[in-house]
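Q: Please walk me through the contacts in this structure. I would like to learn how to read each kind of feature.

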Protein chains: 2
Amino acid sequence: VAVTRRVRLTLAYDGTAYAGWQRQGNAVTVQEAVERALRALTGEAPETLGLTGASRTDAGVHALGQAAHFDTASRIPTEKFPYALNTLLPRDIRALAADDAEDGFHARFSARGKQYRYDFHRAPHAPALQRAFRWHVPYPLDTDLMRGELDSALGKHDFRAFAASGGQAKTTVRTIRMARLETGGADKMGGTGDTEEAALLRLWVEGDAFLYNMVRILAGTLADVGMGRLPPGAVARALASGDRLDLGQTAPAHGLALTRVFYA
Amino acid sequence: VAVTRRVRLTLAYDGTAYAGWQRQGNAVTVQEAVERALRALTGEAPETLGLTGASRTDAGVHALGQAAHFDTASRIPTEKFPYALNTLLPRDIRALAADDAEDGFHARFSARGKQYRYDFHRAPHAPALQRAFRWHVPYPLDTDLMRGELDSALGKHDFRAFAASGGQAKTTVRTIRMARLETGGADKMGGTGDTEEAALLRLWVEGDAFLYNMVRILAGTLADVGMGRLPPGAVARALASGDRLDLGQTAPAHGLALTRVFYA
């Protein structure tokens, strides 16, 4: 008899060409692309594989460390899966690692935290090379004001003001464990000619879980405060009021990347 | 009467979709895309504009700071050109700056130096996001050995061993003014989840001028020495012998970007 085991997969993808992670009837999704490659490799149908992602990333959102699990009776050694999958997957999706999952492991329900980054491009003109991975903001951004907003978001709060209408969370209390804003710069890599690197402003956030669109609303609010479109203190006011209207715009999907899922 | 002036343009482009800079009859090039936008803006034909790039970047090669000039009788203020061009150009080409050129300025002949970078991705699996901008090398690379080769390349030498057969240079003596190899890393931006950043190995080279394919042959030789496919000392041997066979492979175009052109 074939023994079924659960495999945990780490994936990176450029979300540009996909209608998000989750399988849909009428659009190309990352889940379907991975299911197709797994099926070609193992002969197992999607219903058998039960491929499940830790995060249902939205259309256009990227991943550098999405986690997923699937069940297989295949004799392919677990550690060979990334190499075999990468010969079958489109080049904008890469399997980075595969591990035998612990008993009871579930990519979504076992997750203890997630890390995201959001990349802004602050310059008069949009980036030619990194255009698929950054939100172009052609206005000056006051990073001190933006960091002030981030400080207010840190810690355990009721983030219901950040809950986009599409969300279905039972509770809107979340803990942001880390939030920082880093500036790019020519000095980082020694070269003076990387004008796109110099224009990079990168937001890192890590928390126990995130509401639907929460990081993009946070990024958009930071930008609005940074460019003077919203008065400073927006995040603190919204956490007190619970009112989405105290916050700024929802930043576009293509600046966002899921970087890590924590299970420890 | 219309007064014709010369404008110096700074451009960035993702070379993926283009058969290089130089106009061709049968393929889409960056020069043609910029000529088309300039014609739509000024009404002037390519023959009148005389758009000339500092460097004829090859098919697939990128630019973060290509320089070019064109002649125009348009009344459009010089500093408005980037904004106007960017509304007409495809998103993978951006005009970054425009300046009135000094008397006698010629984008190619006035150039006093160029800076390039070459990006390697050293990891078991290729990058999903940065796949268009890095050469994936799935073998361990000894960066100390690679830096040793770079040290040999520094300074004024006869680089004829580095001259690809397509070159037409009168002399093969060139001076490399700067050459360094930088490693990416999670610590740079504070986040731990950027697995593609951590796999980045970046070569910077700056010199008075470069022979055809010279940077790609240098990058390929560094990689071959770094992975043990060529014995250390390859660059020194090739500079002494003038023999292309003492060097390594020509690294693929998509890892290369022209970052700056110097005129001072």
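**Reading the contacts**

A: Start with one side-chain pair: Glu35(B) makes a polar contact through its side chain with the side chain of Arg23(B), at 2.9 Å. A polar contact is a pair of N or O atoms within 3.5 Å; within protein, one must be able to donate a hydrogen and the other to accept it, and residues adjacent in sequence count only if both atoms are side-chain atoms. This is a predicted model, in which local features need pLDDT of at least 70, side-chain atom pairs count only at pLDDT 80 or more, and totals for chains, interfaces and linings use all residues. Residues are numbered from 1 along each chain as its sequence is written, chains are lettered from A and ligands numbered from 1 in the order in which they are written, and side-chain values use heavy atoms, with hydrogens and water left out.

Q: Is Glu35(B) buried or exposed?

A: Buried means under 20% relative accessible area, exposed over 50%, and partly exposed in between (1.4 Å probe, protein chains only). Glu35(B) has a relative accessible area of 5%, so Glu35(B) is buried. Glu35(B) sits in helix 1 of chain B. Helices (H or I, at least four residues) and strands (E, at least two) are DSSP runs, numbered from the N terminus.

Q: Which residues does Glu35(B) touch, not counting residues up to four places away in sequence?

A: Contact means heavy atoms within 4.5 Å. With that sequence limit, Glu35(B) touches Arg23(B), Pro46(B), Leu49(B) and Leu51(B).

Q: What do the buried residues of helix 3 of chain A pack against?

A: First, the residues. Helix 3 (residues 81-88) of chain A has Phe81(A), Pro82(A), Ala84(A), Leu85(A) and Asn86(A) buried. They pack against strand 1 (5-13), helix 1 (30-42), strand 3 (62-72) and strand 4 (93-100) of chain A.

Q: Which salt bridge partners are Glu182(A) and Arg180(A), buried or partly exposed?

A: Their side chains meet at 2.9 Å, N to O. Glu182(A), at 17% relative accessibility, counts as buried. Arg180(A), at 35%, counts as partly exposed. Elsewhere, salt bridges that share partners join Arg117(A), Asp119(A), Arg202(A) and Asp194(B) into one network.

Q: How many salt bridges are there between chain B and chain A?

A: The count is 6. In one of these, Arg131(A) and Asp14(B) meet through their side chains (3.0 Å, N to O). Arg131(A) counts as partly exposed at 21% relative accessibility. Asp14(B) counts as buried at 6%.

Q: What else describes the interface of chain B and chain A?

A: Buried area is the accessible area (1.4 Å probe) that two parts lose on being put together, summed over both. Here that area is about 3700 Å², and carbon and sulfur atoms give 57% of it. The contact takes 44 residues from each of chain B and chain A. Across this interface, 10 residue pairs are in polar contact, both at pLDDT 80 or more. Strand 4 (residues 93-100) of chain B gives the most to the side of chain B that touches chain A, with 4 residues.

Note on methods
Salt bridge = Lys/Arg side-chain N within 4 Å of Asp/Glu carboxyl O.
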